[in-house]
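Student: Can we go through this model together? I'd like to start with the holes in it.
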Amino acid sequence: MIPAFALGALQRRLPDTIYLPEHSPLALAQMPWLLPVRAGGSILAEGGKNGESYNAVLGLWGVIPVKTVRVVAGERRVVMVSGAPFGIKMFSDGALVVGFSDILGSSGYCNPAREAGVKLGDRIISVDGRSVHSNEDLSLALQNSPGDTVQLQLERDGQKITLQANLQHGTAGKGKLGVWVRDSSAGIGTMTFWEPETNRFAGLGHAISDSDTGQSIALLSGEVSRVNITGCKRGAPGLPGELKGEFLEKSGNLGRIAANRSQGVYGVLCRSLGGTPYEVAAAQEITKGPAQILTTISGTEPEWYDVEIERVSLRTSDPNKNMILRVTDSRLLQATAGIIQGMSGSPVLQNGRLAGAVTHVLVNDPTRGYAIFAQEMVDQMDGMEQTQPAAG
């Protein structure tokens with residue numbers, strides 16, 4: 001008998017839905033002893049056609065049932081794998097609160113925003129019903145307020161909140177809240193892949209967040225450009241390293257950002273970008289063992305480096321931590337000590353297919369880091385707003 005707790009733990013490791021390339025049999029590379037007990041008709045042996053789906057019972061050695069999963073068959077995707085560095089400029093929708101500054105009034109120092117209940121990381125989206133899309137919008141709304149009290153609409157953790165704040169009037173007579181706000185961000189990341197048919201791209205593997213609050217930036221608009229990597233700061237335990245680079249402004253915009261999500265940054269290129277075509281690996285095809293990452297630590301051209309995939313999780317609560325990687329390439333270890341900031345989005349290849357992209361470094365061990373499944377990034381790209389292929 002298999003203990004109930006062991007079966008329960010195994011069930012939690014399995015996803016509810018498995019996506020298979022069409023005409024592929026159902027098999028999990030990470031758990032080869034977990035085999036189908038039964039499934040619909042001849043699909044089990046031949047694999048489903050594109051668009052077909054069916055329920056399958058997975059069991060220990062194909063005998064002891066563990067979990068029923070939904071199997072969806074689809075075409076094997078091919079994308080252009082990049083690994084090139086790119087610059088990101090983003091403007092947020094609203095004014096993000098990144099700090100507080102007390103104001104000297106007639107009765108001493110006070111802070112209207114904090115007293116009203118405003119918190120770090122809140123996004124101010126309107127003042128007295130007037131929409132706020134930028135720092136300038138917020139300043140104008142406060143200046144034009146007819147009274148001493150304003151109604152603020154905020155977004156906090158995905159929820160809209162309405163607060164009343166009593167303005168403090170400074171020496172110039174202008175109403176003030178006592179907050180520092182930010183409406184834009186810029187940084188460097190790595191392009192994972194793009195699709196020639198639509199010019200859509202995917203990069204980073206995680207969301208762009210504000211450096212002070214850690215909050216994901218609500219996208220108003222954004223653009224990407226080419227970058228030249230000029231150097232790097234080596235990582236150390238407890239001190240993540242980072243790539244240093246310069247935006248190649250003369251090359252013009254590379255494209256626009258359409259979505260900033262937990263699983264990466266997505267958009268549309270306005271010009272062709274180099275790369276090599278690779279098939280995308282299904283999540284269940286990825287195993288522990290040797291792999292490579294494609295990343296750029298100098299100039300503009302990426303290079304291949306050896307890594308080891310130490311863990312693969314088919315089901316995880318964090319959308320961009322499906323794998324744990326360890327850098328084994330002596331060249332990369334010597335140059336960067338492992339994974340550093342700016343390498344997020346670097347493609348991970350295993351067995352000739354795109355397995356995923358680097359997302360985070362383990363802070364206490366820069367030789368190791370997390371990665372997201374490429375399949376997940378393709379799904380996110382497909383789910384972004386429909387766009388027309390870009391010219392050029």
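Student: Which strand gives the largest share of the lining of the largest cavity?
Tutor: Strand 17, with three residues. A cavity is a set of points on a 1 Å grid over the protein atoms alone where a 1.4 Å probe fits but cannot get out, and lining residues have an atom within 4 Å of a point. Strands are DSSP runs of E with at least two residues, helices are runs of H or I with at least four, and both are numbered from the N terminus.

Student: Which residues line the largest cavity?
Tutor: G87, K89, E223, V224, S225, F247, E249 and N253. Strand 6 (85–100) and strand 17 (219–233) are the elements that give two or more residues to that lining.

Student: How many cavities of 30 Å³ or more are there?
Tutor: The structure holds one. The largest cavity has a volume of about 40 Å³. Volume here is the space filled by probe spheres set on the grid points, which are joined across faces, edges and corners.

Student: Before we go on, where does the model come from, and what counts?
Tutor: The model is predicted: local features need pLDDT of at least 70, side-chain atom pairs count only at pLDDT 80 or more, and totals for chains, interfaces and linings use all residues. Residues are numbered from 1 along each chain as its sequence is written, and side-chain values use heavy atoms, with hydrogens and water left out.

Student: OK, pockets next. What is the volume of the largest pocket?
Tutor: About 750 Å³. A pocket is an open set of points with protein on both sides within 12 Å along at least five of seven lines.

Student: Which residues lie nearest its centre?
Tutor: I188, H206, Q341, G342 and S344, out of 32 lining residues. Strand 15 (179–195) gives the most to this lining, with seven residues. Strand 18 (242–247) and strand 26 (353–362) each supply at least two.

Student: Strand 26 again. Where is N351?
Tutor: N351 is in the loop between strand 25 (347–350) and strand 26. Its phi is near 55 degrees, a positive value in a residue other than glycine.

Student: Is N351 buried or exposed?
Tutor: N351 is exposed, because its relative accessible area is 66%. The cut-offs are under 20% for buried, over 50% for exposed, and partly exposed in between, using a 1.4 Å probe and protein chains only.

Student: What about D128, what is its phi?
Tutor: Near 50 degrees, also a positive value in a residue other than glycine. D128 sits in the loop between strand 9 (123–127) and strand 10 (130–131). D128 counts as partly exposed because its relative accessibility is 39%.

Student: Which residues is D128 in contact with?
Tutor: Leaving aside neighbours within four places in sequence, S145, P146, T149, V150 and Q151. Contact means heavy atoms within 4.5 Å. D128 and Q151 are 23 residues apart along the chain, and their C-alpha atoms are separated by 4.9 Å.

Student: New one: G74. Buried or exposed?
Tutor: G74 is buried, because its relative accessible area is 18%. It belongs to strand 4 (residues 64–74). Beyond neighbours within four places in sequence, G74 is in contact with L20, P21, E22 and N50. Y19 is 55 residues from G74 in sequence, and 7.1 Å from it in space, C-alpha to C-alpha.

Student: And R331, which helix is it in?
Tutor: Helix 5 (residues 330–336). R331 counts as partly exposed, because its relative accessibility is 41%.

Student: Zooming out, how many helices and strands are in the chain?
Tutor: Six helices and 27 strands. The C-alpha trace spans about 80 × 50 × 45 Å along its principal axes. Buried residues make up 49% of the 392 residues.

Student: Last one: among contacts between residues at least 6 apart in sequence, what share join residues at least 24 apart?
Tutor: 67% of them.
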